[in-house]
Amino acid sequence: MTEVSVTKEDVVPTGELVVLKSVNKHFGALHVLQDIDLTIARGEVVVVIGPSGSGKSTLCRAINRLETIDDGAISIDGKPLPQEGKELARLRADVGMVFQSFNLFAHKTVLENVMLGQIKVRKIDKKKAEENARALLDRVGVATQADKYPAQLSGGQQQRVAIARALAMDPKVMLFDEPTSALDPEMINEVLEVMQQLARDGMTMIVVTHEMGFARSAANRVVFMADGRIVEEAAPEQFFSNPRSDRAKDFLSKILHH
Ligand SMILES: Nc1ncnc2c1ncn2[C@@H]1O[C@H](COP(=O)(O)OP(=O)(O)O)[C@@H](O)[C@H]1O
Ligand SMILES: [Mg+2]
């Protein structure tokens, strides 16, 4: 068998998968998302960075409708986000989400965590769900932990299980909101490597992270947010070597030289 190595350059983004048009959102008097226009192509990896409080998490949560928006429009694969009900559950399943805190079900085994959504939401039969779950756990490097409970795993292992669980829904796009921020330093790379591989496999990804190494090597585009706005977006090489806005320059000088 020949080994085929796929790099992000080989995965040609085709078509628009996630489209945000003039999205606005307030929390009371706080205008947390201000006229956000953002289009993410199929297979594209977008890293979102910006200071704390700039609206990155709210943006992620709006994309899978954990937060409503005040006006504007968000569509996934050509379909506008539904308001509620079955349609919404189905759409949410198309958007995989990985949070800073792993959010695994504590009283379910690792295997059950990865099987559950497949059975409940995707209506896959149990045997097939288990087969899928084992394959995914193997893919993220925790196959031997299948019968343990989340608390028996390291943070890095738990986060990889959370990624496997999201992937088990066969999502069209994966959102990662600071997936390595709660991890001890020695566990960060094992999670980033799984994400790198996903990117190489052509998954469409929106990743909020301060891991600039990941942004440089995996992102097609960096989106810089501040005060609820997209201030700047560029290819990673361009953004890191030559940020245009003062906000981005200031932010980069703080995170790169401390
Ligand atoms: N549910 C909420 N109610 C009120 N304010 C919120 C809520 N969630 C977030 N905020 C505020 O919105 C702003 C943006 O938050 P967030 O999207 O979490 O930013 P980031 O992820 O970039 O740090 C912050 O000022 C935060 O305090
Ligand atoms: Mg956040």
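The questions below go through the ligand site, a strand and the aromatic pairs in turn.

Mentor: This is a predicted model, where local features need pLDDT of at least 70, side-chain atom pairs count only at pLDDT 80 or more, and totals for chains, interfaces and linings use all residues. Residues are numbered from 1 along each chain as its sequence is written, chains are lettered from A and ligands numbered from 1 in the order in which they are written, and side-chain values use heavy atoms, with hydrogens and water left out.

Trainee: Which element gives the most residues to the shell around ligand 1?

Mentor: The shell takes residues that are near the ligand, with a heavy atom within 4 Å of it. Ligand 1 is surrounded by F27, L30, V32, P51, S52, G53, S54, G55, K56, S57 and T58. At least two shell residues come from each of β2 (30-41) and α1 (56-63); helices (H or I, at least four residues) and strands (E, at least two) are DSSP runs, numbered from the N terminus. The element that gives the most, with three residues, is α1.

Trainee: How many residues of the shell around ligand 1 are charged?

Mentor: Ala, Val, Leu, Ile, Met, Phe, Trp, Tyr, Cys and Pro count as nonpolar, Asp, Glu, Lys and Arg as charged, and the others, Gly among them, as polar. By class, the shell has four nonpolar and six polar residues, and the charged count is one.

Trainee: How much of the accessible area of ligand 1 does the protein cover?

Mentor: Start with the polar contacts, which are pairs of N or O atoms within 3.5 Å; within protein, one must be able to donate a hydrogen and the other to accept it, and residues adjacent in sequence count only if both atoms are side-chain atoms. A backbone N or O atom of S54 is 3.1 Å from a ligand 1 oxygen atom, a side-chain N or O atom of S57 is 2.9 Å from an oxygen atom of ligand 1, and for a polar side-chain atom of T58 the distance to a ligand 1 oxygen atom is 2.5 Å. Accessible areas come from the Shrake-Rupley method with a 1.4 Å probe; for residues, only the protein chains shown count as cover. Of the 560 Å² that ligand 1 has on its own, the protein covers 57%.

Trainee: Which residue of β9 stands opposite I49?

Mentor: Two strands pair if DSSP finds at least two bridges between them. β3 runs parallel to β8 (residues 204-208), with four bridges, and V48 has V208 as its bridge partner there. Four bridges also join β3 to the parallel strand β9 (residues 221-226), and opposite I49 stands F224.

Trainee: How many aromatic pairs are there, and what is the angle between the planes of F224 and F251?

Mentor: Rings of Phe, Tyr and Trp (its six-membered ring) pair if their centres lie within 6.5 Å; planes under 30 degrees apart count as stacked, over 60 as edge-to-face and the rest as tilted. The count comes to three aromatic pairs. F224 and F251 form a tilted pair, 5.5 Å centre to centre, with the planes at 45°.

Trainee: Which helix holds F251?

Mentor: F224 counts as buried because its relative accessibility is 0%, and F251 is buried at 9%. The pair links distant parts of the chain, 27 residues apart: F224 lies in strand β9, and F251 in helix α9 (residues 246-256).

Key
Buried < 20%, exposed > 50% of the residue type's maximum accessible area, 1.4 Å probe, protein only.
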